[in-house]
Amino acid sequence: MQDSWRLITTWGTTPEFNMGLDEALLLEGDQPTLRLYTWSPDALSLGWFQKTSEVSGIGSASSTVRRLTGGGAIHHEGELTFSLCCPQTHPLYRGPVGPSYARIHGAVILALRQIGLPARLRGEGSLTSDDPASGMCFHHSTPLDVEWNGRKGVGSAQRRKGGRVLHHGSIKVTSTPLEGNIATFEQATESHTAQSFAPLLLDHMRQHLGLRLVPGVPSPEERERAAELGARYTTDEWVHQR
Amino acid sequence: MRPDDRRYATSHEWAKIDGDSVIVGITDFAVDELCNGNEGDLVYCDLPEVGRLVEAGETFGEIESVKAVSDLQAPISGEIIEINPVIEDHLQVLAEDTWGKGWMVRIKATAPNIDHMMDAATYEGHISAPH
(Lines give C-alpha, C1' and ligand atoms only; values in the text may rest on other atoms or scores of the structure.)
Protein backbone atom coordinates (compact mmCIF):
# COMPACT_ATOMS: atom_id res chain seq x y z
CA MET A 1 0.00 0.00 0.00
CA GLN A 2 1.34 3.39 -0.94
CA ASP A 3 1.81 6.10 1.57
CA SER A 4 0.07 9.43 0.84
CA TRP A 5 2.20 12.56 1.00
CA ARG A 6 1.36 16.11 0.03
CA LEU A 7 3.75 17.53 -2.56
CA ILE A 8 4.42 21.27 -2.45
CA THR A 9 6.59 22.71 -5.21
CA THR A 10 7.70 26.35 -5.16
CA TRP A 11 10.31 27.80 -7.51
CA GLY A 12 12.23 30.93 -6.62
CA THR A 13 10.72 31.58 -3.21
CA THR A 14 12.39 33.75 -0.59
CA PRO A 15 14.68 32.42 2.13
CA GLU A 16 12.19 33.61 4.74
CA PHE A 17 9.32 31.72 3.09
CA ASN A 18 11.37 28.58 2.55
CA MET A 19 12.57 28.35 6.13
CA GLY A 20 9.31 29.60 7.66
CA LEU A 21 7.20 27.03 5.83
CA ASP A 22 9.53 24.18 6.77
CA GLU A 23 9.32 25.22 10.41
CA ALA A 24 5.54 25.57 10.26
CA LEU A 25 5.31 22.05 8.85
CA LEU A 26 7.64 20.73 11.55
CA LEU A 27 5.70 22.35 14.37
CA GLU A 28 2.15 21.96 13.17
CA GLY A 29 1.97 19.93 9.98
CA ASP A 30 -1.05 17.66 9.91
CA GLN A 31 0.03 15.50 6.98
CA PRO A 32 3.35 14.15 5.69
CA THR A 33 4.70 16.70 3.23
CA LEU A 34 7.46 16.65 0.63
CA ARG A 35 8.62 20.02 -0.64
CA LEU A 36 10.76 20.83 -3.65
CA TYR A 37 12.01 24.39 -3.92
CA THR A 38 14.61 26.84 -5.12
CA TRP A 39 15.68 30.13 -3.60
CA SER A 40 15.42 33.74 -4.75
CA PRO A 41 17.44 35.60 -3.79
CA ASP A 42 20.21 33.09 -3.17
CA ALA A 43 21.05 32.52 0.47
CA LEU A 44 23.75 31.11 2.70
CA SER A 45 22.18 28.91 5.38
CA LEU A 46 24.08 28.11 8.55
CA GLY A 47 23.62 24.87 10.44
CA TRP A 48 21.73 25.21 13.72
CA PHE A 49 24.79 24.93 15.96
CA GLN A 50 27.33 26.65 13.70
CA LYS A 51 29.09 29.74 14.92
CA THR A 52 29.19 32.49 12.32
CA SER A 53 32.95 32.70 12.90
CA GLU A 54 33.29 29.11 11.67
CA VAL A 55 31.96 29.92 8.19
CA SER A 56 34.54 31.62 6.01
CA GLY A 57 31.99 32.70 3.42
CA ILE A 58 29.67 34.48 5.84
CA GLY A 59 28.28 37.63 4.23
CA SER A 60 29.10 36.50 0.68
CA ALA A 61 25.58 35.54 -0.39
CA SER A 62 22.62 37.80 -1.08
CA SER A 63 21.00 36.70 2.15
CA THR A 64 21.93 34.69 5.25
CA VAL A 65 19.68 32.46 7.35
CA ARG A 66 20.17 29.92 10.12
CA ARG A 67 18.47 26.58 9.46
CA LEU A 68 16.74 24.54 12.16
CA THR A 69 18.66 21.52 10.91
CA GLY A 70 22.23 20.72 11.86
CA GLY A 71 25.42 20.28 9.87
CA GLY A 72 27.38 22.82 7.86
CA ALA A 73 26.57 25.92 5.82
CA ILE A 74 25.05 25.69 2.35
CA HIS A 75 24.92 28.27 -0.41
CA HIS A 76 21.47 27.83 -1.88
CA GLU A 77 22.10 28.73 -5.48
CA GLY A 78 22.15 26.43 -8.48
CA GLU A 79 20.53 23.65 -6.52
CA LEU A 80 17.33 21.72 -6.03
CA THR A 81 16.30 21.79 -2.39
CA PHE A 82 13.93 19.25 -0.92
CA SER A 83 12.42 18.81 2.51
CA LEU A 84 10.40 16.02 4.05
CA CYS A 85 8.34 16.53 7.18
CA CYS A 86 6.39 13.83 9.00
CA PRO A 87 5.99 12.11 12.38
CA GLN A 88 9.14 10.45 13.65
CA THR A 89 7.20 7.18 13.82
CA HIS A 90 6.76 7.15 10.03
CA PRO A 91 8.47 4.08 8.50
CA LEU A 92 10.91 6.33 6.63
CA TYR A 93 12.22 7.77 9.89
CA ARG A 94 11.43 5.18 12.54
CA GLY A 95 14.54 3.92 14.32
CA PRO A 96 18.08 5.24 14.20
CA VAL A 97 18.96 8.37 12.27
CA GLY A 98 21.54 6.71 10.02
CA PRO A 99 19.29 4.26 8.17
CA SER A 100 16.75 7.03 7.53
CA TYR A 101 19.42 8.82 5.50
CA ALA A 102 20.23 5.64 3.63
CA ARG A 103 16.57 5.27 2.64
CA ILE A 104 16.16 8.82 1.34
CA HIS A 105 19.56 8.86 -0.33
CA GLY A 106 18.73 5.58 -2.04
CA ALA A 107 16.00 7.33 -4.02
CA VAL A 108 18.18 10.37 -4.70
CA ILE A 109 21.01 8.18 -5.99
CA LEU A 110 18.73 6.38 -8.44
CA ALA A 111 17.53 9.70 -9.86
CA LEU A 112 21.10 10.97 -10.22
CA ARG A 113 22.17 7.78 -11.97
CA GLN A 114 19.35 8.24 -14.43
CA ILE A 115 21.05 11.38 -15.76
CA GLY A 116 24.39 9.65 -16.01
CA LEU A 117 26.00 10.55 -12.72
CA PRO A 118 27.84 7.69 -10.92
CA ALA A 119 26.25 8.61 -7.59
CA ARG A 120 26.71 6.42 -4.53
CA LEU A 121 26.99 6.61 -0.75
CA ARG A 122 30.50 7.65 0.25
CA GLY A 123 31.12 4.83 2.70
CA GLU A 124 34.49 4.73 4.43
CA GLY A 125 37.29 7.05 3.36
CA SER A 126 37.25 10.69 2.40
CA LEU A 127 36.47 12.86 -0.62
CA THR A 128 38.57 15.31 -2.60
CA SER A 129 35.90 17.92 -1.83
CA ASP A 130 36.57 17.64 1.92
CA ASP A 131 37.80 20.93 3.37
CA PRO A 132 36.20 21.27 6.81
CA ALA A 133 37.86 24.62 7.50
CA SER A 134 35.40 26.32 5.14
CA GLY A 135 32.46 25.46 7.39
CA MET A 136 30.49 24.44 4.29
CA CYS A 137 28.34 21.31 4.32
CA PHE A 138 29.61 20.22 0.92
CA HIS A 139 33.19 20.35 2.17
CA HIS A 140 32.54 17.89 4.99
CA SER A 141 31.51 14.30 4.29
CA THR A 142 30.29 11.30 6.27
CA PRO A 143 29.79 7.67 5.20
CA LEU A 144 26.09 8.28 4.45
CA ASP A 145 26.65 11.26 2.15
CA VAL A 146 26.05 11.04 -1.60
CA GLU A 147 29.08 11.53 -3.84
CA TRP A 148 30.09 11.11 -7.42
CA ASN A 149 33.54 11.39 -8.94
CA GLY A 150 35.03 11.66 -5.46
CA ARG A 151 33.14 14.80 -4.50
CA LYS A 152 30.09 15.43 -2.37
CA GLY A 153 26.95 16.33 -4.35
CA VAL A 154 24.06 16.19 -1.87
CA GLY A 155 23.86 17.94 1.49
CA SER A 156 21.44 16.63 4.11
CA ALA A 157 20.45 17.37 7.68
CA GLN A 158 17.59 16.63 10.04
CA ARG A 159 15.79 18.24 12.95
CA ARG A 160 13.78 16.06 15.31
CA LYS A 161 11.38 17.94 17.52
CA GLY A 162 8.26 17.02 19.43
CA GLY A 163 8.01 13.61 17.82
CA ARG A 164 8.30 15.00 14.30
CA VAL A 165 11.17 15.13 11.84
CA LEU A 166 12.25 17.72 9.26
CA HIS A 167 14.75 16.45 6.70
CA HIS A 168 16.53 18.98 4.48
CA GLY A 169 18.37 18.01 1.32
CA SER A 170 20.28 20.04 -1.28
CA ILE A 171 21.20 18.60 -4.66
CA LYS A 172 23.82 20.65 -6.46
CA VAL A 173 23.18 21.48 -10.10
CA THR A 174 26.05 23.95 -10.40
CA SER A 175 28.82 25.03 -8.06
CA THR A 176 29.23 28.52 -6.65
CA PRO A 177 32.37 30.35 -5.53
CA LEU A 178 31.47 29.46 -1.94
CA GLU A 179 31.28 25.77 -2.78
CA GLY A 180 34.12 25.02 -5.15
CA ASN A 181 35.36 21.53 -6.00
CA ILE A 182 32.06 19.75 -5.33
CA ALA A 183 29.99 17.31 -7.40
CA THR A 184 27.43 18.93 -9.71
CA PHE A 185 25.33 18.11 -12.77
CA GLU A 186 28.17 19.33 -14.99
CA GLN A 187 29.36 15.72 -15.29
CA ALA A 188 25.90 14.39 -16.25
CA THR A 189 25.19 12.86 -19.66
CA GLU A 190 21.92 14.81 -19.80
CA SER A 191 21.67 18.56 -19.26
CA HIS A 192 19.30 19.41 -16.41
CA THR A 193 18.15 22.32 -14.32
CA ALA A 194 16.65 21.99 -10.86
CA GLN A 195 13.19 22.16 -12.38
CA SER A 196 13.81 19.60 -15.09
CA PHE A 197 15.43 17.17 -12.65
CA ALA A 198 12.55 17.42 -10.18
CA PRO A 199 10.21 14.97 -11.98
CA LEU A 200 12.96 12.34 -12.05
CA LEU A 201 13.54 12.72 -8.34
CA LEU A 202 9.83 12.44 -7.67
CA ASP A 203 9.57 9.29 -9.78
CA HIS A 204 12.21 7.61 -7.68
CA MET A 205 10.68 8.85 -4.43
CA ARG A 206 7.46 7.19 -5.57
CA GLN A 207 9.05 3.96 -6.72
CA HIS A 208 11.86 3.51 -4.22
CA LEU A 209 10.16 4.90 -1.12
CA GLY A 210 6.59 3.93 -1.99
CA LEU A 211 5.27 7.46 -1.64
CA ARG A 212 1.97 8.44 -3.23
CA LEU A 213 2.52 12.12 -3.94
CA VAL A 214 -0.53 14.36 -4.09
CA PRO A 215 0.21 17.85 -5.42
CA GLY A 216 -0.97 20.50 -3.00
CA VAL A 217 -0.32 23.93 -1.58
CA PRO A 218 0.15 25.25 1.95
CA SER A 219 -3.12 25.96 3.72
CA PRO A 220 -3.91 29.61 4.55
CA GLU A 221 -3.06 28.82 8.18
CA GLU A 222 0.29 27.33 7.16
CA ARG A 223 1.07 30.35 4.99
CA GLU A 224 0.25 32.69 7.83
CA ARG A 225 2.38 30.71 10.27
CA ALA A 226 5.20 30.45 7.73
CA ALA A 227 5.23 34.23 7.29
CA GLU A 228 5.25 34.77 11.04
CA LEU A 229 8.03 32.25 11.68
CA GLY A 230 10.01 33.03 8.54
CA ALA A 231 10.37 36.75 9.23
CA ARG A 232 12.95 36.11 11.94
CA TYR A 233 15.24 33.89 9.86
CA THR A 234 17.20 36.72 8.28
CA THR A 235 17.42 38.94 11.35
CA ASP A 236 20.81 39.54 12.95
CA GLU A 237 19.46 38.24 16.23
CA TRP A 238 18.57 34.89 14.64
CA VAL A 239 21.55 34.51 12.30
CA HIS A 240 24.18 35.61 14.82
CA GLN A 241 22.73 33.79 17.85
CA ARG A 242 25.92 31.70 17.99
CA MET B 1 17.40 -4.30 31.61
CA ARG B 2 17.46 -0.62 32.32
CA PRO B 3 17.73 0.67 35.90
CA ASP B 4 14.50 0.53 37.86
CA ASP B 5 15.53 3.33 40.22
CA ARG B 6 14.22 5.93 37.78
CA ARG B 7 11.41 6.62 35.32
CA TYR B 8 11.34 7.05 31.57
CA ALA B 9 9.60 9.37 29.09
CA THR B 10 8.21 8.46 25.67
CA SER B 11 10.64 11.03 24.27
CA HIS B 12 13.50 8.94 25.77
CA GLU B 13 14.61 11.07 28.71
CA TRP B 14 15.06 9.46 32.11
CA ALA B 15 14.38 11.10 35.47
CA LYS B 16 15.58 10.02 38.89
CA ILE B 17 14.67 11.48 42.25
CA ASP B 18 17.85 12.40 44.10
CA GLY B 19 17.22 13.94 47.49
CA ASP B 20 14.93 16.91 47.06
CA SER B 21 15.62 17.31 43.35
CA VAL B 22 15.37 15.29 40.14
CA ILE B 23 18.23 14.50 37.78
CA VAL B 24 17.49 14.05 34.08
CA GLY B 25 19.36 12.42 31.22
CA ILE B 26 18.65 10.60 27.98
CA THR B 27 18.43 6.85 27.56
CA ASP B 28 20.80 4.48 25.81
CA PHE B 29 18.08 4.02 23.19
CA ALA B 30 18.09 7.76 22.42
CA VAL B 31 21.88 7.81 22.15
CA ASP B 32 21.88 4.80 19.81
CA GLU B 33 19.20 6.34 17.60
CA LEU B 34 21.27 9.47 17.21
CA CYS B 35 24.63 7.93 16.58
CA ASN B 36 24.16 4.26 15.59
CA GLY B 37 26.50 3.05 18.29
CA ASN B 38 29.27 5.42 17.25
CA GLU B 39 29.36 7.94 20.08
CA GLY B 40 31.89 9.95 18.08
CA ASP B 41 28.93 11.01 15.95
CA LEU B 42 27.61 13.16 18.80
CA VAL B 43 28.97 16.62 18.13
CA TYR B 44 27.19 19.17 20.31
CA CYS B 45 24.86 19.50 23.26
CA ASP B 46 23.23 22.72 24.34
CA LEU B 47 21.98 22.71 27.93
CA PRO B 48 19.99 25.48 29.65
CA GLU B 49 21.35 28.05 32.03
CA VAL B 50 21.01 27.42 35.73
CA GLY B 51 17.96 29.24 37.05
CA ARG B 52 15.79 28.67 34.00
CA LEU B 53 12.23 27.55 34.70
CA VAL B 54 10.90 24.73 32.54
CA GLU B 55 7.48 23.21 32.10
CA ALA B 56 6.97 19.48 31.67
CA GLY B 57 7.17 18.69 27.96
CA GLU B 58 9.05 21.90 27.17
CA THR B 59 12.37 21.82 25.33
CA PHE B 60 15.22 22.30 27.81
CA GLY B 61 18.12 21.68 25.44
CA GLU B 62 19.27 20.27 22.13
CA ILE B 63 21.70 17.61 21.07
CA GLU B 64 23.35 17.28 17.68
CA SER B 65 24.76 14.18 16.08
CA VAL B 66 26.54 14.27 12.76
CA LYS B 67 23.24 14.04 10.95
CA ALA B 68 20.45 15.32 13.21
CA VAL B 69 19.56 17.89 15.81
CA SER B 70 17.11 16.63 18.44
CA ASP B 71 15.29 18.47 21.19
CA LEU B 72 15.54 17.41 24.82
CA GLN B 73 12.21 17.56 26.66
CA ALA B 74 11.81 18.25 30.34
CA PRO B 75 9.90 15.37 31.96
CA ILE B 76 8.80 17.52 34.89
CA SER B 77 8.25 21.18 35.68
CA GLY B 78 10.64 23.10 37.84
CA GLU B 79 13.83 25.13 38.01
CA ILE B 80 17.14 24.05 36.52
CA ILE B 81 19.48 24.17 39.48
CA GLU B 82 22.53 22.42 38.02
CA ILE B 83 23.83 21.27 34.66
CA ASN B 84 26.43 18.60 34.10
CA PRO B 85 29.60 20.52 33.17
CA VAL B 86 31.21 17.41 31.71
CA ILE B 87 28.72 16.97 28.88
CA GLU B 88 29.70 19.85 26.59
CA ASP B 89 33.29 18.76 26.10
CA HIS B 90 32.86 15.03 26.66
CA LEU B 91 29.73 13.95 24.85
CA GLN B 92 30.93 10.36 24.81
CA VAL B 93 29.95 10.14 28.48
CA LEU B 94 26.34 9.92 27.31
CA ALA B 95 27.11 6.52 25.79
CA GLU B 96 29.79 5.39 28.21
CA ASP B 97 27.88 6.06 31.43
CA THR B 98 24.30 6.79 30.40
CA TRP B 99 22.79 6.19 33.83
CA GLY B 100 25.48 7.83 35.95
CA LYS B 101 27.99 10.40 34.75
CA GLY B 102 25.83 11.02 31.68
CA TRP B 103 23.19 12.98 33.58
CA MET B 104 22.34 16.31 31.97
CA VAL B 105 20.43 18.59 34.33
CA ARG B 106 19.20 18.69 37.91
CA ILE B 107 15.72 20.13 38.38
CA LYS B 108 14.14 21.42 41.57
CA ALA B 109 10.71 20.15 40.72
CA THR B 110 7.55 22.12 41.32
CA ALA B 111 6.02 18.78 42.35
CA PRO B 112 8.76 16.15 42.77
CA ASN B 113 6.73 13.23 41.53
CA ILE B 114 7.73 11.17 38.51
CA ASP B 115 5.10 8.45 38.84
CA HIS B 116 3.43 9.64 35.62
CA MET B 117 6.48 8.40 33.70
CA MET B 118 7.13 4.82 32.61
CA ASP B 119 8.96 2.30 34.75
CA ALA B 120 11.82 0.36 33.17
CA ALA B 121 9.69 -2.59 32.09
CA THR B 122 7.05 -0.38 30.47
CA TYR B 123 9.73 1.65 28.71
CA GLU B 124 11.26 -1.57 27.43
CA GLY B 125 7.89 -2.44 25.92
CA HIS B 126 7.52 1.07 24.51
CA ILE B 127 10.76 0.96 22.54
CA SER B 128 10.24 -2.64 21.46
CA ALA B 129 6.72 -2.19 20.17
CA PRO B 130 6.11 -1.36 16.51
CA HIS B 131 4.80 2.20 16.32
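Start by selecting B:Tyr123 and B:His12: their side chains are joined by a polar contact of 2.8 Å. A polar contact here is a pair of N or O atoms within 3.5 Å; within protein, one must be able to donate a hydrogen and the other to accept it, and residues adjacent in sequence count only if both atoms are side-chain atoms. Bear in mind that this is a predicted model, where local features need pLDDT of at least 70, side-chain atom pairs count only at pLDDT 80 or more, and totals for chains, interfaces and linings use all residues. Residues are numbered from 1 along each chain as its sequence is written, chains are lettered from A and ligands numbered from 1 in the order in which they are written, and side-chain values use heavy atoms, with hydrogens and water left out.

Stay on B:Tyr123, which sits in helix 3 (residues 120-128) of chain B. Helices (H or I, at least four residues) and strands (E, at least two) are DSSP runs, numbered from the N terminus. B:Tyr123 has a relative accessible area of 0%, so it is buried. Buried means under 20% relative accessible area, exposed over 50%, and partly exposed in between (1.4 Å probe, protein chains only). Leaving aside neighbours within four places in sequence, B:Tyr123 is in contact with residues including B:Arg2, B:Tyr8, B:Thr27 and B:Phe29; contact means heavy atoms within 4.5 Å.

Now click its partner. B:His12 lies in the loop between strand 1 and strand 2 (13-18) of chain B and, at 13% relative accessibility, counts as buried. Check the backbone too: phi of B:His12 is near 75 degrees, a positive value in a residue other than glycine.

Next, B:Arg6. Find it in the segment before strand 1 (7-8) of chain B. Is B:Arg6 buried or exposed? B:Arg6 is buried, with a relative accessible area of 5%. Its side chain makes a polar contact of 2.8 Å with that of B:Asp5. Not counting residues up to four places away in sequence, B:Arg6 also touches B:Trp14, B:Ala15, B:Lys16, B:Trp99 and B:Met118.

Still in chain B, pick out helix 1 (residues 28-35), where B:Ala30, B:Val31, B:Glu33, B:Leu34 and B:Cys35 are buried. Follow these buried residues across to the other chain: among the elements they pack against is helix 2 (97-114) of chain A.

Over in chain A, show helix 1 (residues 15-28) and helix 4 (residues 220-230). Their axes come within 7 Å and cross at roughly 115 degrees; axes are lines fitted to C-alpha atoms, for helices over the stretch in contact, and angles run from 0 to 180 degrees between N-to-C directions. Residues that meet here include A:Phe17 and A:Leu21 in helix 1 of chain A, and A:Ala226 and A:Leu229 in helix 4 of chain A.

Two backbone stops come next. A:Ser40 and A:Pro41 are joined by a cis peptide bond, with omega about 0 degrees. A:Pro41 is in the loop between strand 2 (33-39) and strand 3 (43-46) of chain A. Then go to A:Asn181, which has a positive phi of about 60 degrees although it is not a glycine; A:Asn181 is partly exposed at 38% relative accessible area.

Finish with the cysteines. How many disulfides does a search of the whole structure find? Zero, over all chains, counting a disulfide as a pair of cysteine sulfur atoms within 2.5 Å.
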